[in-house]
Amino acid sequence: MVCLLLVGQGLALSGTAALVAAGRAGRRTGLVLLLTVAMLGRLSLLDSEPIQETDHYRYLWDGQVLRTGVNPYAHAPLTVFEVATLRQNRDHHPDKVLSELDRLEILRSSSIPARETFARISHPDLPTIYPPLAIATFAAAGTLSPWRLETLRWTFLSLDLLAILGPET
């Protein structure tokens, strides 16, 4: 923890220096320096364990839900446990809904990482709140390596680099 705080302080100092340099060295050079410090900050945290954050469990879940062909906006994660009750009231729930919930139950119980992720989702009583492009990104990361936070982080870092190195407007 102390090491992480020292790294954070060092990056904050480096970022401040980059801002000062931006004023002296020209806009483009300063921007490159600032973005380099920002990337170094991201890289230094790639292998860290989240301390109080739980959002990444929802990212992992939503990505896998989309990969199974189920709309992540259609069902809250906890709905998976209501399949038996919903089957009794078939008149009110189409077969498509029950089929989707069956797929989500299979997804939830498919592996130890899947079960651990599901158990840690914050606000499991609500469907996702994330925009479609974010969910597509979560699914892309899940395609590379399901249920792994590291893959999600590398995906975000890659997209950051693309944004930085992309064509100038």
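**Close-up views of the predicted model**

**View 1. Lining of the largest pocket.** Leu45, Pro50, Glu53, Leu149 and Arg153 lie nearest the centre of the largest pocket, which 17 residues line. A pocket is an open set of points on a 1 Å grid over the protein atoms alone, where a 1.4 Å probe fits, with protein on both sides within 12 Å along at least five of seven lines; lining residues have an atom within 4 Å of a point. The model is predicted: local features need pLDDT of at least 70 and side-chain atom pairs pLDDT 80 or more, while totals for chains, interfaces and linings use all residues. Residues are numbered from 1 along each chain, and side-chain values use heavy atoms, without hydrogens and water. Among the contributing helices (DSSP runs of H or I, at least four residues, numbered from the N terminus), α8 gives the most to the lining, with four residues.

**View 2. The largest nonpolar core.** This core (buried Ala, Val, Leu, Ile, Met, Phe, Trp, Tyr and Cys residues joined through side-chain atoms within 4.5 Å) has 23 residues, and those touching the most other members include Trp61, Leu107 and Trp147. The helix α3 gives the most to this core, with five residues. Beyond its neighbours within four places in sequence, Leu107 is in contact (heavy atoms within 4.5 Å) with residues including Trp61, Val65 and Trp147.

**View 3. Two residues with positive phi.** Most residues other than glycine have a negative phi. Tryptophan 147, in the loop between α7 and α8, has a positive phi of about 65°. Histidine 123, in the loop between α6 and α7, has a positive phi of about 55°. Histidine 123 counts as exposed (over 50%) because its relative accessibility is 55%.

Methods: Buried < 20%, exposed > 50% of the residue type's maximum accessible area, 1.4 Å probe, protein only.
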